[in-house]
Amino acid sequence: MLVELKKLIEANPLFRDKLQFPNLKNSRLRTLINQSLNWQHQLCKNPRPNPDIKTLFVDHTCGQPNGARAPSPANNPLLGSLPKAGGFPNLGAHGPFQPTPAPVPTPLAGWMSNPATVNHPAVSGGAIGLGAPSIPAALKHPRTPPTNATVEYPSGESDHVSKRTRPMGISDEVNLPVNVLPVTFPGHSHGQPFNAPDDLPKTVSRTLNQGSSPMSMDFHPVQQTILLVGTNVGDIGLWEVGSRERLVLKNFKVWDLSVCSMPLQAALVKDPGVSVNRVIWSPDGSLFGVAYSRHIVQIYSYHGNDDVRQHLEIDAHVGGVNDIAFSHPNKQPCVITCGDDKSIKVWDAATGAKQYTFEGHEAPVYSVCPHYKENIQFIFSTALDGKIKAWLYDNLGSRVDYDAPGRWCTTMAYSADGTRLFSCGTSKEGESFIVEWNESEGAVKRTYQGFRKRSLGVVQFDTTKNRFLAAGDDFSIKFWDMDNVQLLTTVDADGGLPASPRIRFNKDGTLLAVSSNENGIKVLANTDGIRLLRTFETLSYDASRTSEAVAKPTINPISAAAAAATSAGLADRGVSVVAIAGMNGDVRNLGDVKPRITEESNDKSKIWKLTEINEPSQCRSLRLPENLRVTKISRLIYTNSGNAVLALASNAIHLLWKWQRSDRNSSGKATASVSPQLWQPPSGILMTNDVSETSPEEAVPCFALSKNDSYVMSASGGKISLFNMMTFKTMTTFMPPPPAATFLAFHPQDNNIIAIGMDDSTIQIYNVRVDEVKSKLKGHSKRITGLAFSHALNVLVSSGADAQLCVWNSDGWEKQKARYLQLPAGRAPAQSDTRVQFHQDQAHFLVVHETQLAIYETTKLDCVKQWVPRESAPISHATFSCDSQLVYASFLDATVCVFSAANLRLRCRINPSAYLPASVSSSNVQPLVIAAHPQEPHQFAMGLSDGGVHVFEPLESEGKWGVPPPVENGSASSVPATPVGASGSDQAQR
């Protein structure tokens, strides 16, 4: 019609040579209609989650949806054509995901994934998630809280092509508000200037020889100096890059030839040569997959150091298996493969059972890219005819049919935050393309320039830090800024690279592995990467002695998994960004933690001085809006999104402060510069815990937040309550006292398992799905005051009012070690809370007691650093900053101290005069709890005994809390370097 209209206009003599017909995209009309409908829907008084379009001739309005408010849509072009809650599915057949009969659930985490200015929707009796029972059905068993088993989808946080998903469990989701456009994501080049050459790993720091030509490489997602390599002769290598040690070398062999298909057996007899096409780690690093050029994939389980075990062998495709990826549809870990037989298959990662087969490509399938948006899980696939298709986990066929530039070998990858889609392809003629896609229109948004005119081989690419693209081309590595099509820089890695080198970033983007000539691998590093490698290099001797001490074949379940992580040292800045188990029972992932400001090296000729903050003008502090019903704040936590603070008061009432998106706060994140709103749902109800017959003021309160901020589990001496964070409604209550719960922690790998510390000194491992206590752990003599999981080590650390620490294996729940705190002489309080929190390296943890701060190493339960205040008020609470580089501690004299976590040395002290009004005496108001922002390392919040909550940030001109004290007697980057007990000068600082 457009063409005919153009001809008609151009043929009219009145218009000839007077009008120029504009160039319009084929999808322009569809885009305008969608924008119009979305805008009309935003103006609805009662917008429904899934509006019904009857006609375009009158403005759209939604009928009354039984009083429930639903979120308004966000005009996100990335998601424009997904059927989504609060928006219209795209009209026509050109969107990536056309409306299908498959039900699309309304996400419970609506306020997480929608603009902050929209009221939270009430949750109707619809499905909790894809394939989940409805809420009323789930509540038929009165003591079993409904599980959020399928709503809490994995995050698209991984940097790499086929690693879109995160492991199951609370700790492994970073809930970026993915459908809000104005967000500046941490590390994103839009939001902050950067010196690209300094940020990129360009320095050749390691050269390894694999023995055969590397075809595919992948860094471990947690232990980020562990490199997995697959070669052209089918070999698998596992390297500890820091110490240059090859941990594992496995030659190709079929594990069980008898169960292989006849075509595979015949092919191997005819030609036994096999190449690796792809190696990849699972998101939690517990498994890795290998796709071979002949029929099969092999899945290994990894147990730390050199402990690699056979897990699954699958005869997956007829011909070559071209790609492999891990995914978690419906919370089930799966393996996705594609091959020469033109199909994509999905397998259960635990059993190897085939779950789906997707057919529709007309050529061999070259790559797969699983991802999710707005709780919709899907897989992009590319074939050798240049076709890109997209599949939901159903049997309804492809939703997409795009043409990839180059129309031959193409791979796809999302940026780390999951918001931008890229592809890299090479044509049969050798032309290479990297492009960014507009997903909603199936159109190329930008094409990056700088490739050699005729690439010699298929170009590989990777993304990192939401900022950079890299590709191996023309005997070098080429880098682009995602927002600039011009080539940023080129690195030749001191020469010796093949024409199209294979490349792979580690998760933090501090290391880049590059295949080189003569079977080599070069590892390039930036400043943080060099520091990371040096830490491993200097500690490798001690680590090797430690590992030799573990007799084989008996392997200590803790030390085996921890050996590499432990040797990284506490203060290593390049250490992996993984879960931090919070003091308040929260467990969060730090994939979106903003990069720290690089701290200047301390010249010893300068006189170091402790930073003292005495005046309100010396920092940014904000007292959150008051609530007169609250007497004191007992527990405090930031939501995982970083845009709200949740408090539990001593009277069993929860308070939620939310920051709105505004001109002064474009990100909508928590800040001390803009006051938030004390939020309540339209119903006006409060989240109030069940209380026992005794006064709630005397109870020990506790709570834990789900990873998508949808639910909070909480107790104040009575039953444990499960609240919906959008409606404040009590979903269910369970476990009536006695004994009463005193601490709650979600299992990081299984959202349905909760560790519940009790006031009778036991720890109950409770499965909410079956309403059953699976284990009862006994080892403490007084109430439990702290619990923290390490998913890297598979352990639970507990602490009690008896000042004892216990380490439990989280597989069988047997106690592995126990130790009492080293209390200062003459300081043995009868009953004082002891808190524990894991460092981001998952191998060390912080212990907080009124008499001390201490860092413990988990495997041996050794205290490697301790700070004891002398002649000062007791410590009330403390927490790691989100990047584990700082420790924030509050004291009962109302001061707050900031320590460098590397050596527990004081660097900044905030005195009460800086944040308390002159009319308030610090002897009457004490800080009771402290919480760290999940993405801003220099922001924390503090709850006071007068019911107030304060948010603190350094001045923008400063950007950080003080200056670290000078390092004495060598580097402070390794925790074990300093003996237990701080020096006298350290202790005198308080």
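Figure 1. Leaving aside residues up to four places away in sequence, Y292 touches G234, I236, F252, V274, S275, V276, N277, Q298, G320 and V321; a contact here means heavy atoms within 4.5 Å. This is a predicted model, so to speak of local features we ask for pLDDT of at least 70 and, for side-chain atom pairs, 80 or more, while totals for chains, interfaces and linings use all residues. Residues are numbered from 1 along each chain as its sequence is written, and side-chain values use heavy atoms, without hydrogens or water.

**Figure 2. The largest nonpolar core.** This core has 22 residues, and I236, L238, F288, V290 and Y292 have the most contacts inside it. A nonpolar core is a set of buried Ala, Val, Leu, Ile, Met, Phe, Trp, Tyr and Cys residues joined through side-chain atoms within 4.5 Å; buried means under 20% relative accessible area, exposed over 50%, and partly exposed in between (1.4 Å probe, protein chains only). Among the elements giving two or more residues to the core are β4 (236-240), β5 (245-250), α5 (262-270) and β7 (287-292). Helices (H or I, at least four residues) and strands (E, at least two) are DSSP runs numbered from the N terminus.

Figure 3. W239 has R246 of β5 as its bridge partner. Four residues separate the two strands of the hairpin, and R244 in the turn has a positive phi of about 65°.

**Figure 4. A salt-bridge network around D401.** K387, K389, D401, D403 and R407 are linked in a network of salt bridges, each a side-chain nitrogen of Lys or Arg within 4 Å of a carboxyl oxygen of Asp or Glu. K387 meets D401 at 3.8 Å, N to O. K387 lies in strand β16 (residues 387-392) and D401 in the loop between β16 and β17 (402-403), so this pair ties together parts 14 residues apart in sequence. K389 also bridges to D401, with the closest N and O atoms 3.6 Å apart. At 11% relative accessibility K389 is buried, whereas D401 is partly exposed at 48%. D403 and R407 meet at 3.2 Å, N to O.

Figure 5. L14, F15 and L19 make a nonpolar surface patch of about 320 Å². Such patches take residues with over 30% relative accessible area and no salt bridge, with nonpolar side chains (Val, Leu, Ile, Met, Phe, Trp, Tyr) joined within 5 Å; areas come from the Shrake-Rupley method with a 1.4 Å probe, and for residues only the protein chains shown count as cover. F15 sits in the loop between α1 (2-11) and α2 (28-42).

Technical notes:
Patches are made of residues with over 30% relative accessible area and no salt bridge: like charges are joined within 9 Å, nonpolar side chains (Val, Leu, Ile, Met, Phe, Trp, Tyr) within 5 Å. Two strands pair if DSSP finds at least two bridges between them.
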